[in-house]
Amino acid sequence: MGVMEKIKEIEAEMARTQKNKATNYHLGTLKAKLAKLRNDLLIEQGGGGGGGPSEGFDVARLGDARVALIGFPSVGKSTLQGSLTGTESEAAAYEFTTLTCIPGTMHYKGSKVQVLDLPGIIEGAAHGKGRGREVIACARNADAILIVLDAGKEGLNRHREILENELETVGIRLNQRPPDVTFKKKSTGGVRFSSTVPLTKLGPEPEKLATQIMREYRITSADLLAREDITVDQLVDVIVGNRVYKPFTSSSHSILHPNHQICSDITELNAPLQLPLSYFYNKIDTITIEEVDQLARMPHSLVGSVAKGYNVGAPDEDDPLKAMIWKYLGLTRVYTKRKGQHPDLTDPVVLSAIRKGTSVKSLCQNVSTQMLRDFNFALVWGQSAKHSPQRCGINHELQDEDVVQIVTKTNAQQRQSKNYQAIVQGVSDKYHKKKFDAKKKKQSKLRG
C-alpha cells in the first residue's frame, strides 16, 4: 500500500469516528500518523529534484518584508501586483498566464516590501499538482501570505476553503500563533509531561496521548511543558517542529464607502487601520452589493476591485490595501539622530516584528553590529517614550515614527568590559591584515 492510499485510509477512518472524550485518544493517534505520512510524502516527492531550487522560483530576498500572492488561476494576482508595485507582468483572460515567480517592490511609508506574484494553484497542489509544491515552498519563505480570491466565483467553488486546506497540509498555519509549549528531546530519561494550566482538549489522559504521539515519531525521551490549553493538532505541530506560523489577525467588518472605497464601519477611511489582512476578494464589480457585504463580513478579509480601483490605487498612492498590508506585516519606522543634530526624517530604518523585532536591539542590528557591541543606552522620543527624551535599555520596544539616539560606551567603559582585550586584538589583526594586503598588491603591480 502506497503513502497516498494510507493517507486516504486514515482520513476515511477519522471521518467515521465520532468525536467525544472516549475517542479523543484514538483520534489523536490517527492525526499523528496522518501528519507523519504527509511529511513522508513531501520528502518522497521532493527527493528527485537534485536538492537545488526549482528554476524560476529562486528569488533573492530583498526589502524590509516579503508578501506572497496565492490564489487560483485568473483571479487577478498579476494585475494586483502591478497596482501595488508597478511591475509589468503578463496578464490575459486565460488561465495559467504566470508560470514562474515574478517579484516586485511596493514602496510605502519609506519601506520596501517585496511582493511575489506566484502561479495559480489548483486543488491537490500540496501533493505536487500544477507545480503546487514550488508555489507553496515560496509561500513558506514569505513573511506574510495574501490570498487573492475571485468574488464572482467564491460562492459556488469554495476556493477559500480549498486554499486553506492546501496550506494546512504542508504545515503553514494561517492566522495562528505558535502554542506556548516547550518541547525538548533527550537521549535518556523517558517522557516527562507537565502543564501549568488544566488541559481540557487532550482527553482524560493528556500524558498518555502525548506519549503515544511521540512514539509515532520514535521519540522515547523528551521534556514537554504546556503553558496553555492546547489541542491535539497543536501538540502534533510542536512535536513535528517544522510548522510555519503566519501572523495572527483579527476579523474585520467592512461596507462600501460612498466614494467607491471599502472602509471600516467604525473608523473613517483616512484613520489608521488597526486590522491586518489575510484575504482579498477581487472583482467585486461583478457581484451585487448584498454579496459584497457578505464577503466583507468574512473574517480576515478585505473586498475590492483592481480594475475599478476599489480599495486599490496606483503604486504611488495610499490606499486601504497597502495600509492593511503594512499593519499585517508589523512594520515600524524609526528615525535615527546624531548627538547635537536634527533627526533624519527622510530615510527611516524599517523594523519588522516578524523578522528581528522592533526593539532597540533590532535597530542596532540593522544599523551596525559594532553599535550593538558598544551599546550603552538609547534616548527615545515618540509614542513609546513616557517622556521626551526617555533613557531606555536595549530591550525597549519601539513604535512607529520614534526618534532614537544611540549612545555608545566611552573608552573607559569599554576598558572595563571582559572581552575588551579580544576586541582590541581583533581590530589590530584586521588593521595589519589590511596593511599587508595593500603592500602585497603594490609589490605585484611593480613586478608586473
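Student: Which residue of strand 3 stands opposite alanine 65?

Tutor: Valine 113 does. The model is predicted, so local features need pLDDT of at least 70 and side-chain atom pairs count only at pLDDT 80 or more, while totals for chains, interfaces and linings use all residues. Residues are numbered from 1 along each chain as its sequence is written, and side-chain values use heavy atoms, without hydrogens and water.

Student: What makes strand 1 and strand 3 a pair?

Tutor: Two strands pair if DSSP finds at least two bridges between them. Strand 1 and strand 3 are joined by 5 bridges and run parallel, so they meet the definition. Strands themselves are DSSP runs of E with at least two residues, and helices are runs of H or I with at least four, numbered from the N terminus.

Student: How is strand 2 paired with strand 3?

Tutor: In the antiparallel sense, over 7 bridges. Threonine 105 stands opposite glutamine 114 there. The hairpin has 2 residues between the strands, and lysine 109 takes a positive phi near 55 degrees.

Student: Why is strand 3 called largely enclosed?

Tutor: Buried means under 20% relative accessible area, exposed over 50%, and partly exposed in between, with a 1.4 Å probe and protein chains only. In strand 3 (residues 111-117), 6 of the 7 residues are buried, so the strand is largely enclosed by the rest of the structure.

Student: Why is serine 362 called buried?

Tutor: Its relative accessible area is 2%, which is under 20%, so serine 362 counts as buried. Serine 362 is found in helix 11 (residues 360-367). Leaving aside neighbours within four places in sequence, serine 362 is in contact (heavy atoms within 4.5 Å) with Leu351, Lys356 and Gly357.

Student: What makes a set of residues a nonpolar core?

Tutor: The members are buried Ala, Val, Leu, Ile, Met, Phe, Trp, Tyr and Cys residues joined through side-chain atoms within 4.5 Å. The largest such core has 59 residues, of which Leu80 and Phe280 touch the most other members. Helix 10 (residues 320-329) gives the most to this core, with 7 residues. A second, separate core of 21 residues includes Val181, Ala222, Ala226 and Val232.

Student: What lies around phenylalanine 280?

Tutor: Beyond its neighbours within four places in sequence, its contacts include Leu80, Leu146, Val148, Leu302 and Leu321.

Student: Why are strand 2 and strand 13 called edge strands?

Tutor: The open sheet has 6 strands in the order 2-3-1-4-12-13, with mixed pairing. Strand 2 (102-108) and strand 13 (301-303) each pair on one side only.
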